[in-house]
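Here is a short briefing to read alongside the model. Take a look at the sequence and the fold, then follow the points below.

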Amino acid sequence: MFKNKLVKKSPKTYEDIKYTCSIRFLDDSESITVSFQKETKGQWLIDYVCNELNLVEKDYFGLRFVDTEKQRHWLDPTKAIYRQLRNVSPIVLCFRVKFYPADPMKLKEEITRYFLFLQLRRDLHHGRLLCSPQDDIQLAAYIIQSEVGDYHPDDHPAGYVAQFKMLPKQNQKQEEKIAEVHKGLSGQVPSDSESNFLKKACNLDTYGVDPHAVKDQKGNQMYLGVTHLGIVTFQGNKRTHLFKWDQINKIALEGKMFIVHVTVNEKKHACGFKCQTFSACKHLWKC
């Protein structure tokens, strides 16, 4: 006869422990919860989210999070998720456009253009896609057309634009102008309106700019951004400098100083910008 033997279960290893995070989307739909293990790399999570959204052109997108010091970061695809987020609580990441294409109309997939439209719509609302008052109104009218279709007085009573928050500090006067422009967009289906929005947005100086607050060597407050053209600086909605990628020799950081080494007309220059913190400077350098 065989004697019953107690089989001891081996204790759980770190590899068995699962962690969870929440992912928020561009359209503010309900977030999803995803489980990962200690050694799971960031690329796995990015791929998982893109697959959930049926996205093929994944390289334009990333996942962003905020650390305990309120500093924003992009999830590094080459490093373990746990290592990057271990001090973040709750663990929440936002799905966002990371790289803005020079010409959105050359994107192969319609769904990629749609998510770029949603990102730019957020940029407009939060004051990152800065432009003239006329361009503000036109862009907002394209959004209204994509949302409600053709204007009809029975369906769109006075004040109907107010239910859509599209511009920073949006006011009634702007909403009345948006409604007037919306009346002239009849016949455009949502995909047409979104395409027209993209065509206009991609020609703005602030297209694709994620503004980083810096000070120049004279102590003047400005914003610095990284785009497909190069590194740009802004004061208000006006671009003050553009360092093109083919002019940039080296990008460095020293403490809070972000330094761009460029060659212009065969002369070498070093342009320094002071960030608010070392962490902010390092984030800018990584971007």
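How many bridges join strand 3 to strand 4, and do they run parallel or antiparallel? Three bridges join strand 3 (residues 61–66) to strand 4, and the two run antiparallel. This is a predicted model, in which local features need pLDDT of at least 70 and side-chain atom pairs count only at pLDDT 80 or more, while totals for chains, interfaces and linings use all residues. Residues are numbered from 1 along each chain as its sequence is written, and side-chain values use heavy atoms, with hydrogens and water left out.

**Overall picture**
- The protein has seven helices and twelve strands; these are DSSP runs numbered from the N terminus (helices are H or I with at least four residues, strands are E with at least two).
- Along its principal axes, the C-alpha trace spans about 90 × 60 × 35 Å.
- Of the 287 residues, 42% are buried, where buried means under 20% relative accessible area, exposed means over 50% and partly exposed lies in between (1.4 Å probe, protein chains only).
- Among contacts with a separation of 6 or more, 53% are between residues 24 or more positions apart; a contact means heavy atoms within 4.5 Å.

- Five strands form an open sheet in the order 2-1-5-3-4, with mixed pairing; two strands pair if DSSP finds at least two bridges between them.
- Strand 2 (32–37) and strand 4 (72–74) are the edge strands, each pairing on one side only.
- On average, neighbouring strands of this sheet are turned by 35° against each other, direction ignored.
- In general, strands of a sheet pair through backbone hydrogen bonds, either parallel or antiparallel.

- Five of the six residues of strand 3 are buried, leaving the strand mostly covered.
- Towards strand 4, Val66 stands opposite Arg72, and Phe65 has His73 as its bridge partner.
- The hairpin of strand 3 and strand 4 has five residues between the strands, and Lys70 there takes a positive phi near 65°.
- Strand 3 is also joined to strand 5 by four bridges, and these strands run antiparallel; here Arg64 stands opposite Cys94.

**Helices across the sheet**
- Helix 1 (residues 42–52) lies across strand 1 (18–24), strand 2, strand 3 and strand 5 (92–97), running at about 150° to strand 2.
- Helix 3 (residues 110–125) lies across strand 3 and strand 5, at about 110° to strand 5.
- For these angles, axes are lines fitted to C-alpha atoms (for helices over the stretch in contact), and values run from 0 to 180 degrees between N-to-C directions.

**The largest pocket**
- About 1400 Å³ of space lies in the largest pocket.
- Its lining has 45 residues, and the closest to its centre are Arg72, His73, Trp74, Leu75 and His283.
- A pocket is an open set of points on a 1 Å grid over the protein atoms alone, where a 1.4 Å probe fits, with protein on both sides within 12 Å along at least five of seven lines; lining residues have an atom within 4 Å of a point.
- Helix 7 gives the most to this lining, with five residues.

**A buried histidine**
- His156 sits in the loop between helix 4 (133–148) and helix 5 (172–183).
- His156 counts as buried because its relative accessibility is 9%.
- Not counting residues up to four places away in sequence, His156 touches Val148, Asp150 and Tyr151.

How values were computed
Grid points are joined across faces, edges and corners, and a volume is the space filled by probe spheres set on the points.
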